[in-house]
Amino acid sequence: MRRSLIRLVVLSLAVAIVALPISAKSQTAPAKDAPQPAKSPSAEVLAAWNDIGRRLVDMAEDFPEDKYDFKTTPAQRTFAENLLHVASDYCLEISAIKGSRVGPAVEPEKDLTRKDYPTKTSVVKLLKQAVADGAAVIQEQGDAGLTKESKSPYENALQHVGAAWAGTIEHAGEHYGQLVVYYRVSGMVPPESRPKK
């Protein structure tokens, strides 16, 4: 009986010694693969804002100036008018969120025009400035700014600033998608779809 007890103790120790490194590995493996912590809410909004802004600016700089007045169908805006439409929306929303005018004066439902921005250079400059202005306001207001309310520039209603940023980013994304079609119909590959170097 004593021999059986000794064998049982030795066998138990052997199992414990073998299992210990396996157990230690399984406990440390998830830590190595743990996800990065979430950014602050305003940092996430800023990243989304800058991403769509960069994509649109890349297109504005890349698309040939002699095709800036191209449109896929007569009912559509031209390539340049799409960019001016986004810039107009940016100026309206940023101004509403900040509480003071940012960028050129824009009225709801009246976009900035080719008459005022007749060259590729002028359109690119306007769009770059609007993206930079929005980024500055997001950073300035931080996380607390996302829960504030601002008056919608399009209707007589208040909106939470976080929702205003989300809507503006989504709206810009719609126009980005539309401009991808302009590229493809023109036989061109959009900058974002090209192989990375």
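A residue counts as buried when its relative accessible area is under 20%, as exposed when it is over 50%, and as partly exposed in between (1.4 Å probe, protein chains only). The model looked at here is predicted, so to speak of a local feature takes a pLDDT of at least 70, side-chain atom pairs count only at pLDDT 80 or more, and totals for chains, interfaces and linings use all residues. Residues are numbered from 1 along each chain as its sequence is written, and side-chain values use heavy atoms, with hydrogens and water left out.

On to the salt bridges, each being a side-chain nitrogen of Lys or Arg within 4 Å of a carboxyl oxygen of Asp or Glu. The count comes to ten. One of them joins R194 to D62, with 2.7 Å between the closest N and O atoms. R194 lies in the segment after α5 (161-185) and D62 in helix α2, so this pair ties together parts that are 132 residues apart in sequence. Helices here are DSSP runs (H or I, at least four residues), numbered from the N terminus.

R114 belongs to the loop between α3 and α4 (120-146) and D69 to the loop between α2 and α3, 45 residues apart. R114 is buried, at 18% relative accessible area. Those two loops also supply R77 and D111, whose closest N and O atoms are 3.8 Å apart; R77 sits in the loop between α2 and α3, and D111 in the loop between α3 and α4. Elsewhere, salt bridges link D51, R54, R55, D58 and E192 into a network.

R55 has a ring contact as well: its charged end sits over the ring of Y176, 5.5 Å from the centre (this takes CZ of Arg or NZ of Lys within 6 Å of the ring centre and within 35 degrees of the ring normal).

Finally, the rings themselves. There are seven aromatic pairs, meaning rings of Phe, Tyr and Trp (its six-membered ring) with centres within 6.5 Å; planes under 30 degrees apart count as stacked, over 60 as edge-to-face and the rest as tilted. F63 and F79 make a stacked pair, 3.8 Å centre to centre with 10° between the planes. Both F63 and F79 are buried. Ring pairs also link F63, Y68, F79 and Y183 into a cluster.
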